[in-house]
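Dear colleague,

Please find the structure below, handed over for your use. My notes on what was found in it follow directly after.

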Amino acid sequence: MKLIKAILSDILSFFERIISYCFWNFKGVRITFSCQVSRKAIIEEGCVFSGHTIITENAKIGAFTYGYNVNINNAIVGNYCSLAPDVKIGLDEHPLDKTSTHPHFYPKMEQKKAVIGNHVWLGANAVVLSGIQIENHSVIAAGAVVTKNVNEYEIVGGVPAKIIGNRDKNATK
């Protein structure tokens, strides 16, 4: 019986993926079949996601943002953002004041949204924690773990991320 339930679950997941693929591509959001994108997410036209991207129903993504193998949850991402491979934004937090951090042992926590501005570049393997705000035109270096807010035009990197430079505010398009 367990095997039959598992097979039926896999079949339903397969059909959900087909429906999601058609839904988003029809709306002008290009996703590949390997992506898992909730139809309850809010994604503007012109976005492109590929690889094994996961976008949950708690995500809102602006126009022309793109990414490969990204994981976006509890987040608002602006327009024209560049998300390098394996970026993770707004993943669920776990309580540290409990005996166990496993969700079975504590009530569901309210998760804060990460907010990413417009024209932000997040390098490969960058992690943005829930509740963090990254302002417009910022750059997050590859492998950074962003634990504090990032101001406009700042370049941050490291674990935890620290300011390593600033972009030219007067740069031309």
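Y80 lies in the loop between β9 and β10 (82-83). Please note that this is a predicted model. Although Y80 is not a glycine, its phi is positive, at about 55°. With a relative accessible area of 44%, Y80 is partly exposed.

A second residue other than glycine with a positive phi is H119, where the value is near 60°. H119 is found in the loop between β12 and β13 (121-122), and at 38% relative accessibility it counts as partly exposed.

Beyond its neighbours within four places in sequence, I43 is in contact with W24, V29, V37, F49, I55 and I61.

Finally, Q111 lies in the loop between β11 (88-89) and β12 (114-116). Its relative accessible area is 18%, and because the cut-off for buried is under 20%, Q111 counts as buried. A polar atom of the Q111 side chain lies 2.8 Å from the backbone nitrogen of E93. Neighbours within four places in sequence left aside, Q111 is in contact with N74, L91, D92, E93 and S130.

With kind regards

Terms used:
Residues are numbered from 1 along each chain as its sequence is written. This is a predicted model: local features need pLDDT of at least 70, side-chain atom pairs count only at pLDDT 80 or more; totals for chains, interfaces and linings use all residues. Side-chain values use heavy atoms; hydrogens and water are left out. Helices (H or I, at least four residues) and strands (E, at least two) are DSSP runs, numbered from the N terminus. Buried means under 20% relative accessible area, exposed over 50%, partly exposed in between (1.4 Å probe, protein chains only). A polar contact is a pair of N or O atoms within 3.5 Å; within protein, one must be able to donate a hydrogen and the other to accept it, and residues adjacent in sequence count only if both atoms are side-chain atoms. Contact means heavy atoms within 4.5 Å.
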